[in-house]
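Subject: A structure to look through, with notes

Dear colleague,

I am passing on the structure below, and I would be glad if you kept it open beside you while you read the notes that follow.

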Amino acid sequence: MGIPASPASDWLLEVNNLSCGYGGESVVKDVSFALSQGDIGCLLGPSGCGKSTILRALAGFLPLDAGEIRLASRAISLPGRTLAPEKRRIGMVFQDYALFPHLNIADNVGFGLKDMSKVERRHKVLELLDLVHLKDLADSYPHELSGGQQQRVALARALAPEPTLILLDEPFSNLDADLRRRLSLDVRDILKTLGISALLVTHDQQEAFAMCDQVAVLRDGRLLQWDVPYNLYHEPANRFVASFVGQGGFIPGKALGPDTIESELGIIRGNRAYKWPPGTLVDVLIRPDDIVYAPDSELRPRVIEKTFAGTSTLYRFRCSEETEFEALFRSHLDFHLGEHVPVRVEADHLIAFERSA
Ligand SMILES: Nc1ncnc2c1ncn2[C@@H]1O[C@H](COP(=O)(O)OP(=O)(O)OP(=O)(O)O)[C@@H](O)[C@H]1O
C-alpha cells in the first residue's frame, strides 16, 4: 500500500486530529495526542466515549474520516489509506485473553514466530515466559492456568514478534481487584524493562494512574485532557475531568483575589492565580484528602455519611444545604453520624471554576 514516509519526529506514536466512527458517522472527533518511545499511555473515560474505537483505528481495523496516525514517524492511517493490521507492528492484548485452547502455553506464545527455526523459536518463547514468570508452565494448557496467568501468556504472545507498540484493551477487567492491581504493576515493569510503548484502555482510574505515564480523559468522542496522572488529579482542565478523575465534589465560593476564595469552609488559598475579578461566584473542588482533622478548628461540619474501608474511613460532611463535602480519615479517627467534627481545609492545589448561571 502506498502510504508515504513522513518526516522523522521524536514521538513514537502521533495521533493528529483523528476522527473516525461507523457508517459514516464519526464517534471519535478531532482527537490528538502523542506518546514517546517507552511510555505507557492510557485512554480513560466513561462507557461509550470512544476508547475502543480509537484502539480499533490504531490497530488498523477502522478507517479514518479525518486526521492521521503515525507510528515511528510513518503515517499508518490517513483518510482513504489504512495500512493493513498485520503490517503495523502493533501487538494487542484483549480482556478475554484470546488464547488458543488446543495449543500449549509455549505454542501460544510462539504462534506469531513462524519465520524462526524451531530452536530459535523455543529459545525466544522461554525467554518471554521467563519474563512473565511462567517458564515452568510452558507445557501446560490455557485451561490449567488462572486468569492472571493466562493474561501474562497473552502479553508474552503479543510481545513475541517484537512490536513497536502494544495495545491493551481492558486487559485486567476479568480479574479480581487485588490481582488486577498486582498484575497491572507487573505488566508495567515488563514493558518498562523492554522499553516497549503501550496504550491501555480502561475504566479504572486507579489502574490508569498506577500503570501509565500519560492519560487521556475522553468524553463523547472528544479528548478533554492528555496529561500525566498528577496533573489530571491536581490540575484538571475542566469540570468534567475534575469530577471524573479522583473523588471529590464542588462547594460554592466567592473569589477574593487571584488565589483566594471565600467559602463556608473559610478562606481557601491555593497556588494558582485565576484571572476572575473579586466577587466572582465560583465552584471550588474539594478532594477528600484536602480536609484534615483539626481539633482546634472552629469549623465543625456534621457527619451525614460514613463509609468504613479498613485503613481509612470516608466521611461526608454537611455545613449547609449548599455545602457538602467528603473527607478521608485514618479509620481510628472514628466519628458517628450526626457528630460535629473539627476540620480544616489544606488544599495547595486550589481548583475552581466560574459558576455558570
Ligand atoms: N460496530 C459499531 N457500530 C456502530 N456503532 C458502534 C460500534 N461500536 C461502537 N459503536 C458506538 O460508538 C461509540 C463509542 O463506542 P466505544 O466502544 O468506542 O466506546 P468505549 O469508550 O470503548 O466504551 P466501553 O468502555 O463501554 O467499552 C458508542 O456510542 C457505541 O455505541
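The largest share of the shell around the ligand, three residues, is contributed by helix α1, which covers residues 51–59; helices here are DSSP runs of H or I with at least four residues, strands are runs of E with at least two, and both are numbered from the N terminus. The residues around the ligand are Tyr-22, Val-27, Gly-45, Ser-47, Gly-48, Cys-49, Gly-50, Lys-51, Ser-52, Thr-53 and His-203, where a residue is taken as near if its C-beta atom, placed from the backbone, lies within 6 Å of the molecule. By class, this shell has three nonpolar, seven polar and one charged residues, with Ala, Val, Leu, Ile, Met, Phe, Trp, Tyr, Cys and Pro counted as nonpolar, Asp, Glu, Lys and Arg as charged, and the others, Gly among them, as polar.

Before going further, please keep in mind that this is a predicted model, in which local features need pLDDT of at least 70 and side-chain atom pairs count only at pLDDT 80 or more, while totals for chains, interfaces and linings use all residues. Residues are numbered from 1 along each chain as its sequence is written. The mean pLDDT of the chain is 91, and 97% of its residues reach 70 or more, pLDDT being the predictor's confidence in each residue on a scale from 0 to 100. The model scores ipTM 0.97 and pTM 0.86.

Tyr-22, one of the residues around the ligand, has Glu-25 in β2 as its bridge partner. Strand β1 (residues 11–22) and strand β2 (residues 25–36) pair in the antiparallel sense over eight bridges, and two strands are said to pair if DSSP finds at least two bridges between them. These two strands form a hairpin with two residues between them, and Gly-23 in the turn has a positive phi of about 55°. β1 also pairs with strand β4 (residues 66–71), again in the antiparallel sense, over five bridges, and Glu-14 stands opposite Arg-70 in β4.

Elsewhere, an open sheet of three strands has the order β17-β18-β19, with antiparallel pairing. β17 (302–309) and β19 (324–330) stand at the edges with a single partner strand each, so one side of each is left without a neighbour in the sheet. Seven bridges join β17 to strand β18 (residues 312–318), and Ala-309 stands opposite Ser-312 in β18.

Taken as a whole, the chain has eight helices and 21 strands.

With best wishes
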